[in-house]
Amino acid sequence: MKIETLAKLFPIKKGISENASDLNFENEGRPFHIAKNELTQREISLFNDVLFQAKKFDFAHLPHGTYRVIQFKSQNFSEIAENLSLIFSGIIKVKQVSSNSGIAIEKMSAERLSEGEFKQVLGTLTQDLGVKCDYYLGLFTDQTELSTLYQAEQKNFDQGLSFSESLIKAGLAQVTSPPLTKIKQGLLTDIEAQDLITQLYQHDGNQLKTAKAMYIHRNTLTQKIKKFERQYGLTLSGSDLVLLYSLI
């Protein structure tokens, strides 16, 4: 659709807006933006998912430097986007990719947060907003390599894998080991074991949080862990837990 036709229906403005509450998009290679508060939710979805869906981003326009891309998936991404630049000082741009996803570009600085710190701050934000959000914290790299790295990180995020998890899975695919094959075959049909591994892994091995997430008593969880370890010969902690999670 011609941008001139859309401009007759919506208050579209030329250029890129640095305001996180605005919707940025491109048409025939030219940047435009519109204030989301002037659109209905249905119109926002139309712009994102039909008219101007754009998962690719041109990082060549960034000033020379070192950056990382943070990917988000949330039905309430627009609410999260409005706060990202306020609580993360290194974020220089926030871009909505679709109606339920977006990215933030962070420039490397001495004040950058570790993944643990980022997870804690983002968790507090989403809790305050009352929304759910999944994220992928990319690696810092030179601006000239950012586009290539981002494509790989997109695939990881789509598959629900972190950088280290993707490497482990790729490595395990090349390993021929009878014990490993036996464990993997056992886990393939053991739905209860898969859930136990997933919950422990996602809660960093914290048994109290895991029991709460599984809606069971802490003692019941302990019994499940002991049963699993007797059956499979691996512990549900440390490197064994990482290995087990990579097998399911």
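In this predicted model, two bridges link strand E4 to strand E8 (residues 141-142), and the two run antiparallel. At this pairing, Tyr 67 sits across from Thr 141 of E8.

E4 has other partners too. Strand E6 (residues 101-107) pairs with E4 over seven bridges, again in the antiparallel sense, and here Arg 68 faces Glu 106 of E6. Strand E7 (residues 134-137) is joined to E4 by four bridges, also antiparallel, with Ile 70 standing opposite Leu 137. As for burial, E4 (residues 66-73) is largely enclosed by the rest of the structure, because six of its eight residues are buried.

In soluble globular proteins, nonpolar side chains tend to be buried together. The largest nonpolar core here counts 21 residues, and Ile 183, Leu 187, Leu 196, Ile 197, Phe 228, Leu 236 and Leu 244 have the most contacts inside it. Four helices each put in at least two residues of this core: H7 (178-189), H8 (191-202), H10 (218-232) and H11 (238-247). The top contributor is H8, with five residues.

Phe 228 is worth a look on its own. Leaving aside residues up to four places away in sequence, Phe 228 touches Leu 187, Ala 193, Leu 196, Ile 197, Gly 233, Leu 234, Leu 236 and Leu 244. Apart from this core lies another one, made up of 16 residues, including Ile 70, Phe 72, Ile 80 and Leu 137.

Note on methods:
Residues numbered from 1 in each chain as written. Predicted model: local features only at pLDDT ≥ 70, side-chain atom pairs only at ≥ 80, totals over all residues. Heavy atoms only, no water. Buried < 20%, exposed > 50% of the residue type's maximum accessible area, 1.4 Å probe, protein only. Pairing = 2+ DSSP bridges. Core = buried A, V, L, I, M, F, W, Y, C linked by side-chain atoms within 4.5 Å. Contact = heavy atoms within 4.5 Å.
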